[in-house]
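Here's a quick briefing for anyone meeting this structure for the first time.

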Amino acid sequence: MQLLALGLNHTTAPLAVRERVAFSPDEITDTIAHLLERCGAASQGGIHEAAVLSTCNRTELYTACEDPAAARASVLSYIANKKGVPLSELEPHIYAFQQEEAARHTFRVASGLDSMVLGETQIVGQMKKAEKLAHDCRGLGVMLNHLFQSTFTVAKEVRTATAIGANSVSLAAAAVRLALRLYGNLKDENVLFVGAGEMIELCAAHFAAQSPKSITIANRTMEKGQTLARTVHAEAIRLADLPETIGRYDIVISCTASALPIIGLGMIERAIAERRHRPMFIVDLAVPRDVEPEVDRLDDVYVYTVDDLGKVVSEGKQSRQAAISQAETIISLRVGDFVDWLRLRAAVPTIQSLRDRANFIRDDELSRALRHLHHGDKPEEVLEMLAHGLTNKLLHDPTILLRNGEGLSNDDRDLVGRMLDRFYRRHDR
């Protein structure tokens with residue numbers, strides 16, 4: 001069984017591509033079921049385990065498969081068909097890692113080394129959710145379960161032993177920085193948050209600290225919106241009221257799970273006219289995007305996507321090079337541990353075959369010895385015969401292999417000889 005991790009992220013694909021291949025939780029459930037049910041055949045890659053991680057910055061699929069090349073083709077074909085993205089457009093942005101490099105990549109992702117925000121901690125929670133969803137869908141087996149548990153351990157070690165997260169600027173903090181650049185301060189500004197998820201909670205806390213004139217939460221579920229509103233002393237409205245009310249707000253931060261934009265060009269055109277062209281600051285943190293791309297072309301509207309904020313948070317990365325080096329060292333050590341585990345797993349079938357062969361020989365010789373005892377042969381003679389038979393048969397296969405080679409090259413024959421010599425010297429009394 002081989003470990004395969006493939007996907008795309010903010011460094012390999014623009015937002016316009018990432019939003020087309022983002023997966024909702026329901027889609028992840030369907031995807032795992034499809035890969036296990038339809039791609040289990042050897043011709044499809046022999047996929048026996050699967051998990052999906054989909055965030056605003058990346059979509060990645062992890063599999064345990066028999067044939068990584070065939071599995072890669074099957075997974076990409078499925079994504080292209082499900083998301084309506086031609087393979088020719090998808091392929092240039094895809095990366096794929098196998099075995100130890102797949103483990104290294106996963107460890108780096110969880111440790112925040114592959115994030116838009118260097119050292120951010122949110123990714124660990126997202127990976128734990130992906131692991132739980134895969135577990136609930138019966139997508140985890142021995143391989144992926146070990147990968148994820150090792151990943152969480154490595155991420156904790158990196159954050160404990162290094163300063164990788166020190167002085168990092170979150171996307172929420174970056175949004176505040178950009179707003180302050182435009183307005184100077186937020187004391188006279190009305191702020192609207194669209195959605196009530198984890199990212200909006202973080203942004204609401206950061207903006208509330210700037211004491212804006214007002215804060216409003218717009219959400220599909222009024223109850224959830226009111227819950228968040230209470231934490232930041234805000235008002236809650238229904239998402240359905242957005243077209244009539246959005247013109248009241250100077251700052252709009254949106255992050256929902258909608259598959260289609262909920263803030264359209266016409267809505268903002270009417271809002272700008274209503275505001276008599278007072279500027280609007282809009283941050284779209286959703287993937288797929290909540291705001292139609294055409295809105296960015298309007299005068300008096302400043303639209304920032306998650307990729308735009310990424311440019312802000314990348315500032316100061318050089319100052320943390322020492323922490324990055326320390327984190328990479330820890331990850332390399334843990335990748336070595338994972339490789340040792342992979343080698344052990346790879347040896348399991350051979351070990352089982354050796355045991356099965358030894359048990360067969362034992363049972364055969366024991367049956368022969370019992371027959372001789374039943375016929376009245378002396379026990380000491382039967383025991384001698386049993387020991388002699390076991391010794392000869394257990395040594396027969398390695399002796400023939402060494403003597404005849406059975407198609408082995410000279411280098412392979414020498415390797416077998418050295419292995420057997422080392423084994424018998426170790427057990428020489």
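## Cysteines and packed helices

A search of the whole structure turns up zero disulfides. Keep in mind that this is a predicted model.

**Cysteines**

- Cys-65 is in no disulfide, and the nearest cysteine sulfur, that of Cys-39, sits 10 Å away.
- Cys-65 is also buried, because its relative accessible area is 0%, and a residue counts as buried under 20%.
- Cys-203 is in no disulfide either; here the nearest cysteine sulfur belongs to Cys-255, at 7.5 Å.
- Cys-203 is buried too, with a relative accessible area of 0%.

**Helices α8 and α9**

- Cys-203 turns up again here, as one of the α9 residues that meet α8.
- Helix α8 covers residues 171-183 and helix α9 covers residues 198-208; their axes come within 8 Å and cross at roughly 45°.
- That angle makes α8 oblique to α9.
- The crossing of α8 past α9 is right-handed.
- On the α8 side, the contact uses Leu-171, Ala-172, Ala-173, Ala-175, Val-176 and Ala-179. Facing them in α9 are Met-199, Leu-202, Cys-203, His-206 and Phe-207.
- Sorted by class, the residues of this α8 and α9 contact are 10 nonpolar, one polar and no charged.

**Helices α5 and α7**

- Helix α5 (residues 99-110) packs against helix α7 (residues 142-161) at an angle of about 45°, and their axes are 8 Å apart.
- α5 and α7 are therefore oblique to each other.
- α5 passes α7 in a right-handed crossing.
- From α5, the contact draws on Ala-103, Thr-106, Phe-107 and Ala-110. From α7 come Leu-147, Ser-150, Thr-151, Val-154, Ala-155 and Arg-159.
- The class count for α5 with α7 is six nonpolar, three polar and one charged.

**Helices α5 and α6**

- α5 has another partner in helix α6 (residues 122-136): the two axes come within 8 Å and cross at roughly 125°.
- α5 and α6 are therefore oblique to each other.
- Thr-106, Val-109 and Ala-110 of α5 make this contact with Ile-123, Val-124 and Met-127 of α6.
- Those α5 and α6 residues divide into five nonpolar, one polar and no charged.
- Thr-106 and Ala-110 of α5 take part in the contact with α7 and also in the contact with α6.

Notes: Residues numbered from 1 in each chain as written. Predicted model: local features only at pLDDT ≥ 70, side-chain atom pairs only at ≥ 80, totals over all residues. Heavy atoms only, no water. Axes fitted to C-alpha atoms, helices over the stretch in contact; angles between N-to-C directions. Helix = DSSP H or I, 4+ residues; strand = E, 2+ residues; numbered from the N terminus. Parallel < 35°, antiparallel > 145°, perpendicular 65-115°, else oblique. Left-handed = near helix turned anticlockwise from the far one by under 90°. Contact = heavy atoms within 4.5 Å. Nonpolar A, V, L, I, M, F, W, Y, C, P; charged D, E, K, R; others polar. Disulfide = S-S within 2.5 Å. Buried < 20%, exposed > 50% of the residue type's maximum accessible area, 1.4 Å probe, protein only.
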